[in-house]
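Please open the structure in your viewer and keep the selection tool at hand. We will go from stop to stop together.

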Amino acid sequence: MIVVLGITRNALGLPTSPPNQVLTGLALFLTLFVMGPVLGDINEVAIQPYMDGTVTVSQAYEAGVVPLREFLLSNTREDELKLMIGLSGEEAPADASAVSMTTLVPAFVLSELKSAFIIGLVVFIPFLVLDMLVSASLMSMGMMMVPPTIVSLPFKLLLFVVVDGWSLITTALVGSYGGG
């Protein structure tokens, strides 16, 4: 999520606004929003029984990893999972649910990075087109010494506000977790 938010900030041409703390906080709270049901399941099947003393640490781990594994598997692309299985040297399991967590977690991260760059590209292209239009307009008027980014920034901000950019990006980020 932070990758998409960072790309969005760069696409707007605002290197420091919103600040890193705001983007990181938003990414954290969106992550908690997406992971809420999974964290609730982990709490119910592992943490609370462990706190009550009805299960051991290893039993709590085994119970708690199930909802997390389901979330990771449902949000990991098959290509990245195959890649990490091949790199790990493990034998390919008959079922994806038998993949070890040490293989599944990096596959999930790679899958998320791919998704982030796809979303980031979709966000970046309209702003790049706007920059190119402003640059071409300035060149046609003979204003070669005026930096195009200064002229395009208000238009980018206007476009972002008019299309309700933060809502669109939040919807795309949360919506990318269909299996969660």
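The tour below visits pockets, a surface patch and salt bridges.

This is a predicted model, in which local features need pLDDT of at least 70 and side-chain atom pairs count only at pLDDT 80 or more, while totals for chains, interfaces and linings use all residues. Residues are numbered from 1 along each chain as its sequence is written, and side-chain values use heavy atoms, with hydrogens and water left out.

**Stop 1: the largest pocket**

Select M1, V109, E112, L113 and Y177, the closest to the centre of the largest pocket among its 16 lining residues. The space here is about 230 Å³. (On a 1 Å grid over the protein atoms alone, a pocket is an open set of points where a 1.4 Å probe fits, with protein on both sides within 12 Å along at least five of seven lines; lining residues have an atom within 4 Å of a point.) Now colour helix α5 (101-140), which together with α1 (2-12) is named among the elements supplying at least two lining residues each. Helices are DSSP runs of H or I, at least four residues long, numbered from the N terminus. The largest share of this lining, eight residues, comes from α5.

**Stop 2: the second largest pocket**

Next, select V122, V123, P126, F127, L159, F160, V163, G165, L168, I169 and A172, which line the second largest pocket. Two or more of these residues come from each of α5, α6 (148-162) and α7 (165-175). The volume is about 190 Å³.

**Stop 3: a nonpolar patch**

(Patch residues have over 30% relative accessible area and no salt bridge, and nonpolar side chains are joined within 5 Å.) Helix α5 gives the most, with five residues.

**Stop 4: three salt bridges**

How many salt bridges are there? The count is three, a salt bridge being a side-chain nitrogen of Lys or Arg within 4 Å of a carboxyl oxygen of Asp or Glu.

- Select E78 and K82: their closest N and O atoms are 3.1 Å apart. Both are exposed (over 50% relative accessible area; buried is under 20%, partly exposed in between, with a 1.4 Å probe and protein chains only).
- Select E80 and K114, with closest N and O atoms 3.9 Å apart. E80 lies in α4 and K114 in α5, so the pair ties together parts 34 residues apart in sequence.
- Finish with K156 and D131, at 3.0 Å between the closest N and O atoms. K156 is buried at 3% relative accessibility, and D131 is buried at 18%.

Notes. Points joined across faces, edges and corners; volume = space filled by probe spheres on them.
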